[in-house]
Amino acid sequence: MVYSITFAIGDIHGCFDELESLVAACDLLSEGKNARFVFVGDYVDRGPDTRKVIDFLMESQHREPDRFICLRGNH
């Protein structure tokens, strides 16, 4: 699949609700184009929902490995 737009997202810091809203907004902004997400780290630390963030990213990457790319961060 060819992706016509790529969103880079970093500094999630365990904030699942914000992550979920951001992904939904990016999908909406892509206006039906194939959107890819590159997560650049800082997934945990500080926020209340670290487990939900990790589960979401792992499940998304497993389901659509070319669409959800998770890079290592320092947390």
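The entries below go from ground rules to helices, strands, loops and cysteines.

**Ground rules**

I am working with a predicted model, in which local features need pLDDT of at least 70, side-chain atom pairs count only at pLDDT 80 or more, and totals for chains, interfaces and linings use all residues. Residues are numbered from 1 along each chain as its sequence is written, and side-chain values use heavy atoms, with hydrogens and water left out.

**Entry 1: helix H1**

I took helices and strands as DSSP runs, numbered from the N terminus (helices are H or I with at least four residues, strands are E with at least two). H1 covers residues 16–29, and its 14 residues reach 20 Å from the first C-alpha to the last. That is close to the 20 Å expected at 1.5 Å a residue, where the expected span is 1.5 Å times one less than the number of residues.

Which residues of H1 are buried? I found Phe16, Leu19, Val23 and Cys26. They cover an arc of only 90° around the axis, which puts them on the same side of H1. The arc is taken from the directions from the helix axis to the C-beta atoms. For burial I used relative accessible area: buried is under 20%, exposed is over 50%, and partly exposed is in between (1.4 Å probe, protein chains only).

A reminder to myself: an α-helix has 3.6 residues a turn, so residues three or four places apart point the same way.

On the face of H1 turned away from its buried side I noted the exposed residues Glu18, Leu28 and Leu29. What covers the buried residues of H1? The cover includes strand S1 (5–9), strand S2 (35–39) and helix H2 (50–63). After H1 comes Glu31, with a positive phi near 50°.

**Entry 2: helix H2**

H2 also gave me 14 residues and a reach of 20 Å between its first and last C-alpha, close to the 20 Å expected at 1.5 Å a residue. Its buried residues include Val53, Phe56, Leu57 and Ser60. Seen down the axis of H2, the buried residues fall within an arc of 95°, so they line one face of the helix. The face turned away from that buried side carries Arg51, Met58, His62 and Arg63, which are exposed. Among the elements covering the buried residues of H2 are H1, S2 and strand S3 (68–70).

I also looked at Ile54, which is found in H2. Its relative accessibility is 22%, so Ile54 counts as partly exposed. Leaving out residues up to four places away in sequence, Ile54 touches Tyr43 and Val44, where contact means heavy atoms within 4.5 Å. Ile54 and Phe16 are 38 residues apart in sequence, and their C-alpha atoms are 9.0 Å apart.

**Entry 3: strands S1 and S2**

In which sense do S1 and S2 pair? They pair in the parallel sense over 5 bridges; a pair needs at least two DSSP bridges. Ala8 stands opposite Val38 in S2. S1, H1 and S2 make a right-handed β-α-β unit. Right-handed here means that, with the strands pointing away from the viewer, the path from the first strand over the helix to the second runs clockwise.

Ile9 lies in S1 and is buried, at 6% relative accessible area. Ile9 touches Leu22, Phe37, Val38, Phe39 and Val40, not counting residues up to four places away in sequence. Ile9 and Phe39 are 30 residues apart in sequence, yet 4.8 Å apart from C-alpha to C-alpha.

**Entry 4: the loop between S1 and H1**

Asp11 lies in this loop and has a positive phi of about 55° although it is not a glycine. His13 is in the loop between S1 and H1 too, with a positive phi of about 50°, and is not a glycine either.

**Entry 5: cysteines**

How many disulfides are there? I counted 0, taking a disulfide as a pair of cysteine sulfur atoms within 2.5 Å. The sulfur of Cys15 is 16 Å from the closest cysteine sulfur, in Cys26, and so too far for a bond. For Cys70 the closest cysteine sulfur is again in Cys26, 14 Å away, which is too far for a bond. Cys15 is partly exposed at 24% relative accessible area, and Cys70 is partly exposed at 22%.
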